[in-house]
Amino acid sequence: MFFKNPDTDILKEKKLFVFDMDGTIYLGGRPFDFAINFIKNLRKSGKKVLFFTNNASHTNPFYLERLTRLGFEPTPDEIMTSGDVTFEFLNRFRKGKSVYLVATDELVEEYRAKGINLLKGDEERADIVITSFDTTLTYEKLENACRFIRKGAEYLSTHPDYNCPTETGFIPDSGAIAAFVTASTKVEPTYFGKPYKETIEMIGEATGYSNEEMCIFGDRLYTDIALGKRFGVTAVLVLSGETQPEDVEVAADYDKPDFVFKSLDSVNDVMFGK
C-alpha cells in the first residue's frame with residue numbers, strides 16, 4: 001500500500017528527533033542497520049537525538065548498555081522511559097505516599113533506591129498501585145494489586161502498550177496487565193508514557209526544545225503517533241514494527257501520522273540521500 005507524504009523538507013527543519021526503540025530502531029536484540037546509519041547522519045548534521053521507550057521493564061542503565069552494544073552510541077542523557085515519567089510524577093505530586101509496584105525487580109530496585117515508599121504486598125492498604133510491563137508477573141501480584149485498589153488505592157500504570165514486539169512475535173505488555181486489573185476492579189488506571197502530556201512535558205524540560213522543534217518516530221499509532229498528534233509534534237510512522245498499512249487507513253484522524261515510511265531507511269533517503 002502506497003502512502004503519499006507531504007513535503008519532507010519539514011523534517012529537515014526539526015531540531016530534536018525522538019525515537020521509539022523496539023520496532024523502530026531495533027527488534028528484540030537485532031538492530032536495524034539503517035537506523036544506526038540514519039542516526040549517525042542526524043548527529044553529523046547537528047541534530048539532537050532522544051531515545052524514548054514505553055517499555056519500563058528495564059531501566060536507563062540497561063538501555064544505555066543495549067543501545068551502545070547495538071551500535072547507536074547513546075549518551076546517558078539521551079535515554080528516557082515511561083518509568084522515568086511515572087517516577088517524576090510520584091516525586092512531584094505524590095511524595096511520601098505508599099506504593100505497591102507490579103513490575104520487574106529492575107524497576108522495583110530503581111524506585112526503592114530513589115526513595116519511593118514501596119510496599120511488599122502483605123500490608124492492609126496502599127495509597128497507590130502502579131502496574132507496568134512485568135515479565136515476572138505472578139497471580140499473587142495481581143491479587144495484591146486488585147485488593148489494594150478495591151480498598152481505595154489510586155491506580156496508575158507506566159504505559160498503555162498492549163503488546164511488546166519481539167523477534168519471535170508479540171508478547172503481552174503493560175496495557176494487557178492493566179486490562180486484567182481493570183476487568184477485576186472496574187477501575188481504569190491513569191497512564192503515563194506515550195501518548196500522555198507528562199511525557200512530552202518531561203521531554204521538553206529535559207532537552208529545552210519546544211514541541212514545534214521536535215519530531216517523533218515510532219511504530220505504534222496509539223502511543224508514538226498519538227503523542228505527536230495530541231501535542232503538536234511532527235509524527236512519523238514507520239512500518240517496521242506493530243502497525244500495518246491497513247491500520248493507518250482505518251485510524252481516526254487524530255491518530256493518523258503526518259508521515260508514513262516503510263522504515264527509517266526511507267527517511268534517511270529523503271533527508272540525506274543514499
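Two strands count as paired when DSSP finds at least two bridges between them. Keep that in mind as you explore this predicted model.

**Stop 1: a pair of strands**

Select residues 16-19, which form strand S1, and then residues 214-218, which form strand S13. These two strands run parallel and are joined by four bridges. Now pick out phenylalanine 19: across from this residue, in S13, stands phenylalanine 217.

**Stop 2: on to the next strand**

Stay with phenylalanine 217 and look towards S14, where valine 236 is its bridge partner. S13 and S14 are also paired in the parallel sense, again over four bridges.

Next, select residues 234-238 to show the whole of S14. How many of its residues are buried? Five of the five are, so this strand is mostly covered. In a regular strand, side chains alternate between the two faces of the sheet.

**Stop 3: the whole sheet**

Zoom out to see where these strands belong. Six strands make up an open sheet, and their order is S5-S4-S1-S13-S14-S15, with parallel pairing. Which strands stand at the edges? Select 79-81 for S5 and 259-261 for S15: each of these has a single partner strand, so one side of each is left without a neighbour in the sheet. On average, neighbouring strands of this sheet are turned by 25° against each other, direction ignored.

**Stop 4: two cysteines**

Select cysteine 215 and cysteine 146. Are they buried or exposed? Cysteine 215 has 0% relative accessibility, so it counts as buried. Cysteine 146 is at 3%, and it counts as buried because the cut-off is under 20%. If you search for disulfides, the structure holds zero.

**Stop 5: a cavity**

To find the largest cavity, select its lining: Asp20, Asp22, Thr53, Asn54, Asn55, Asp161, Cys164, Pro165, Asp173 and Arg220. What kinds of residue make up this lining? Colour them by type and you will have five charged, three polar and two nonpolar residues. Asp20 and Arg220 are among those lining residues, and both are of a type that counts as charged.

Methods
Residues numbered from 1 in each chain as written. Predicted model: local features only at pLDDT ≥ 70, side-chain atom pairs only at ≥ 80, totals over all residues. Heavy atoms only, no water. Disulfide = S-S within 2.5 Å. Buried < 20%, exposed > 50% of the residue type's maximum accessible area, 1.4 Å probe, protein only. 1 Å grid on protein atoms, 1.4 Å probe; cavity = no way out; pocket = protein on both sides within 12 Å on 5 of 7 lines; lining within 4 Å. Axes fitted to C-alpha atoms, helices over the stretch in contact; angles between N-to-C directions.
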